[in-house]
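Hi there,

Here is the structure I promised to pass on to you. Have a look at it first, and then read my notes below.

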Amino acid sequence: MLETLKQEVEQLRSAAESECISAGSSKQCEALRVKYLGRNGLVQPLLHALKGVPSEHKAAAGKLVNELKNELQQRLEQTLERLKRAEQDLQLGREALDVTLPGRPLPAGRLHLITQVLEELYGIFGEMGFQVFQTREVEDDLMNFQLLNIPPDHPARDMHDTFYTTTPGVVLRTHTSPGQIHLMRQRCPEPIRAVLPGKCYRFEQTDASHEWMFYQIEGLVVGQDITLADLKGTLRAFVRRTFGAEREVQFRCSYFTFTEPSMEVAMSDGRGGWLEILGSGMVHPVVLKNGGYDPQRYTGFAFGMGVERVAMLKYGIDDIRQFYANDLRFLQQF
Ligand code: PHE
């Protein structure tokens, strides 16, 4: 009786041992625990069989089975620990962190070239005492044209065809000059020395020098005793500060409805030619009056330039369409 029990115990022990050795995962190990030590496991019948063992062998038999049970428990625990560790190592290996790898670069943004040029221009005009004043991009016919001396059907409108909204008379501004009226009405009777930057729109056939949306920067000076000499001195200083002290500046007769007299300003290109850069003139008395100033007592000058044009001249860019084509190969150069 004891002999058969001994044999059975031995069999279970060696079977469990070889199964522990070949177990490949903690999950398999758990299955082994159920198989041997579970409620319906292989050790259970041995424990039951103890009841039938004659009393003189009971102690020895009990010892045998209990030892087996404890041994299997220990063995399975060891196996489980070994397998868990192996699984963890594998996991860590898979998630290995190589701290010597270079970091992933975060793409750094930058200011658009036009923003950079605008900021440079604010700086240059700022040194001359000009404030920066923002005005609206959507205007009505009155502001964009009529108060600037451009009545309906005036031929000057030919150059200023624009985008019309579904509200009659409300348009996208064709120039920053309507800002002159806004600013004068806001400041009158204070003197003014300001630049008014912003987007303008025209219904254009686009080509290398025309876009349907572009930036202008307007200048407006209003006060007592402002003369043509102030205009010339200011714009000459601006050109030399922006494009180089060696530039010659030329003032040419021109025509705008909102200035009288009007002038175009050009600068020498260093090769005997001239580059036109802006329009300007003494603020027309009617425009001063529309802004609230008495033209008998106040005078002023104004100018307006295309910011893309300034950028193109400064950086040798030959096609205005590149500014808004969203091509990073172009934009990242600046
Ligand atoms: N508004 C004019 C244009 O867009 C430029 C300008 C501004 C001319 C101010 C004179 C004075 O062409």
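This is a predicted model: local features need pLDDT of at least 70, side-chain atom pairs count only at pLDDT 80 or more; totals for chains, interfaces and linings use all residues.

Let's begin with Thr-259, which sits in strand E7, a stretch covering residues 259-268. Is Thr-259 buried or exposed? Its relative accessibility is 3%, and buried means under 20%, so Thr-259 counts as buried. Its side chain makes a polar contact of 2.6 Å with the side chain of Ser-262. If you set aside neighbours within four places in sequence, Thr-259 is in contact with Ser-280, Gly-281, Met-282, Val-283, His-284 and Ala-302.

Next, the largest pocket. It holds about 1,100 Å³ of space, and 37 residues line it. Nearest its centre lie Arg-202, Phe-214, Gln-216, Glu-276 and Gly-306. Among the elements that give two or more residues to this lining are strand E5 (213-223), strand E7 and helix H10 (307-315). By class, the lining has 16 nonpolar, 13 polar and 8 charged residues.

Finally, the aromatic rings. The whole structure has 13 aromatic pairs. In one of them, Phe-125 and Phe-303, the ring centres are 5.4 Å apart and the planes are at 25°, so the pair is stacked. Phe-125 is in helix H5 and Phe-303 in strand E9, so to speak distant parts of the chain, 178 residues apart.

Enjoy exploring!

Note on methods. Residues are numbered from 1 along each chain as its sequence is written. Side-chain values use heavy atoms; hydrogens and water are left out. Helices (H or I, at least four residues) and strands (E, at least two) are DSSP runs, numbered from the N terminus. Buried means under 20% relative accessible area, exposed over 50%, partly exposed in between (1.4 Å probe, protein chains only). A polar contact is a pair of N or O atoms within 3.5 Å; within protein, one must be able to donate a hydrogen and the other to accept it, and residues adjacent in sequence count only if both atoms are side-chain atoms. Contact means heavy atoms within 4.5 Å. On a 1 Å grid over the protein atoms alone, a cavity is a set of points where a 1.4 Å probe fits but cannot get out, and a pocket is an open set with protein on both sides within 12 Å along at least five of seven lines; lining residues have an atom within 4 Å of a point. Grid points are joined across faces, edges and corners, and a volume is the space filled by probe spheres set on the points. Ala, Val, Leu, Ile, Met, Phe, Trp, Tyr, Cys and Pro count as nonpolar, Asp, Glu, Lys and Arg as charged, and the others, Gly among them, as polar. Rings of Phe, Tyr and Trp (its six-membered ring) pair if their centres lie within 6.5 Å; planes under 30 degrees apart count as stacked, over 60 as edge-to-face and the rest as tilted.
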